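Here is a briefing on a single chain, for a reader who works with coordinates. Look over the sequence and the model first, then read the points by topic.

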Amino acid sequence: MKAAIVQGPRQIPAIADFPEPAPRPGEVVVTVTAAALSHVARSRASGAHYSSRDGFPFVAGVDGVGRLAEGGRVYFVLPRAPYGAMAERTIVPVSHCLPLPDGLDDITAAAIANPGLSSWAALTQRANLRRGNTVLINGATGAAGRLAIQVTRHLGSGKIVATGRNASALQEAEALGADATIEIGQEGEAFREAAAHHFRDGVDVVLDYLWGQSAEHLLIAAAMAAPERRPICYVEIGAASCGEIKLPAAVLRSSAIELVGSGIGSIPLDRLIAATADFFQAAAASGFVIPVRTAPLSNVSTAWNEVSGPRIVFTTDMA
């Protein structure tokens, strides 16, 4: 079969022949119809992601949509290595497959699964969002951040504050449901003061997709400006800006900030998969939207490093 194969560290996947998957007990073969190019897929392929594993060659892609032998339509995640999602067929533990609701097509399901689950799992598994809570989303202009606005609204938040570097993209965030926006500019003090205004009014949850300096400013603003002893659950989801921050110890000692992470490892896999099923039901009911561009899997090498624009979903049309 044809697959997008990573031959070594930091190599871009290329289409080549790969052995047909042979299932073990408790596994199924999935005929893949759609697989999204996500940050996690890129990061794991390069070996940079914290969940990466050694062993080359392997097939790229961590999740996708496809058909079982009996025809059932499923979303699958974390195929058994060295198989991956970006192939004509893959092999997956039965427990890693979920039936898809009828109202969700293959392309949309593949596109929204990873970025949408990032906020859904953070809010339901780590922050325990309550109806009426105020949520600040740091980095709300990317694919995951835009979905986070829609997910947060669906789950009943009272107010959503969105941050981002692009002013026009922040206007789009407002159209998706953000009540207020903060532009992340060059002047850190201005950003910190703008954030402090919202923390003084009361913020219950922060979803952070950026980390880096913006996170430093938000945490300091939260500690200094939040009403006394008001709990704030600060959830670190991504590190699009930087993987490290400098955080004064007094920020945590002087506040009721709870700093947690959300991702593979911080939430048991069975709970992540169950949360994915709930997310798909919500997506089908609420019509979550994400810009998508489809491409045949044969284009994987040329599309691999495209990091801007609509989310790329590969189909197994090898033409």
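The points below go from the whole chain to its sheets, helices and single residues.

This is a predicted model. The chain holds nine helices and 16 strands. Its radius of gyration is 20 Å, close to the 20 Å that the globule rule gives for 319 residues, so the chain is as compact as a globular protein of that length.

**Overall build**

- Along the principal axes, the C-alpha atoms fill a box of roughly 60 × 40 × 35 Å.
- Of the 319 residues, 53% are buried.
- Take the contacts between residues at least 6 apart in sequence: 70% of them join residues at least 24 apart.
- Zero disulfides turn up in a search of the whole structure.

**The six-stranded sheet**

- This open sheet has the strand order S11-S10-S9-S12-S13-S14, and its pairing is parallel.
- Strand S11 (180-183) and strand S14 (257-261) are the edge strands, and each pairs on one side only.
- From one strand to the next, the twist averages 15 degrees.
- Five bridges link strand S9 (residues 134-138) with strand S10 (residues 159-164) in the parallel sense.
- Asn138 has Thr163 in S10 as its bridge partner.

**Helices on that sheet**

- Helix H4 (residues 167-176) lies across S10 and S11. The helix runs at about 165 degrees to S11.
- Helix H5 (residues 188-201) also packs on the sheet. H5 touches S9, S10, S11, strand S12 (205-208) and strand S13 (232-236).
- The direction of H5 makes about 155 degrees with that of S11.

**Helix H6, residue by residue**

- H6 covers residues 212-225, which is 14 residues. At 1.5 Å a residue the helix should span 20 Å, and its end C-alpha atoms are 20 Å apart, so the two agree.
- Is H6 mostly enclosed or mostly open? Buried residues number 12 of the 14, so the helix is largely enclosed by the rest of the structure.
- Among the buried residues of H6 are Glu216 and His217. The buried set also includes Leu218, Leu219 and Ile220, along with Ala221, Ala222 and Ala223.
- Gly212, Ser214, Ala215 and Ala225 are buried too.
- The cover over these buried residues includes strands S9, S12, S13 and S14. Helices H5 and H7 (249-253) are also part of that cover.

**The three-stranded sheet**

- A second open sheet runs in the order S2-S1-S4, with antiparallel pairing.
- Strand S2 (14-17) and strand S4 (58-59) stand at its edges. Each has a single partner strand, so one side of each is left without a neighbour in the sheet.
- Strand S1 (residues 2-6) and S2 run antiparallel and are joined by four bridges.
- Ile5 stands opposite Ala14 in S2.

**Strand S5 and its partners**

- Four of the five residues of strand S5 (residues 63-67) are buried, so the strand is largely enclosed by the rest of the structure.
- Strand S3 (residues 27-36) pairs with S5 in the antiparallel sense over three bridges. There, Ala34 has Val65 in S5 as its bridge partner.
- S5 also pairs with strand S6 (residues 73-77), again antiparallel, over five bridges. Arg67 stands opposite Arg73 in S6.
- S5 and S6 form a hairpin with five residues between the strands. Gly71 in that hairpin takes a positive phi near 105 degrees.

**Single residues**

- Which class does Cys97 fall into, buried or exposed? Its relative accessibility is 15%, under the 20% cut-off, so Cys97 counts as buried.
- Cys242 has 35% relative accessibility, between the 20% and 50% cut-offs, so this cysteine counts as partly exposed.
- Thr315 lies in strand S16 (residues 311-315). At 19% relative accessibility, under the 20% cut-off, Thr315 counts as buried.
- What does Thr315 touch, leaving aside residues up to four places away in sequence? Its contacts are Thr33, Ile107, Thr294, Ala295, Pro296 and Leu297.

Note on methods. Residues are numbered from 1 along each chain as its sequence is written. This is a predicted model: local features need pLDDT of at least 70, side-chain atom pairs count only at pLDDT 80 or more; totals for chains, interfaces and linings use all residues. Side-chain values use heavy atoms; hydrogens and water are left out. Two strands pair if DSSP finds at least two bridges between them. Helices (H or I, at least four residues) and strands (E, at least two) are DSSP runs, numbered from the N terminus. Axes are lines fitted to C-alpha atoms, for helices over the stretch in contact, and angles run from 0 to 180 degrees between N-to-C directions. Contact means heavy atoms within 4.5 Å. The expected span of a helix is 1.5 Å times one less than its number of residues. Buried means under 20% relative accessible area, exposed over 50%, partly exposed in between (1.4 Å probe, protein chains only). A disulfide is a pair of cysteine sulfur atoms within 2.5 Å. The radius of gyration is taken over C-alpha atoms; the globule rule is 2.2 Å times the number of residues to the power 0.38.
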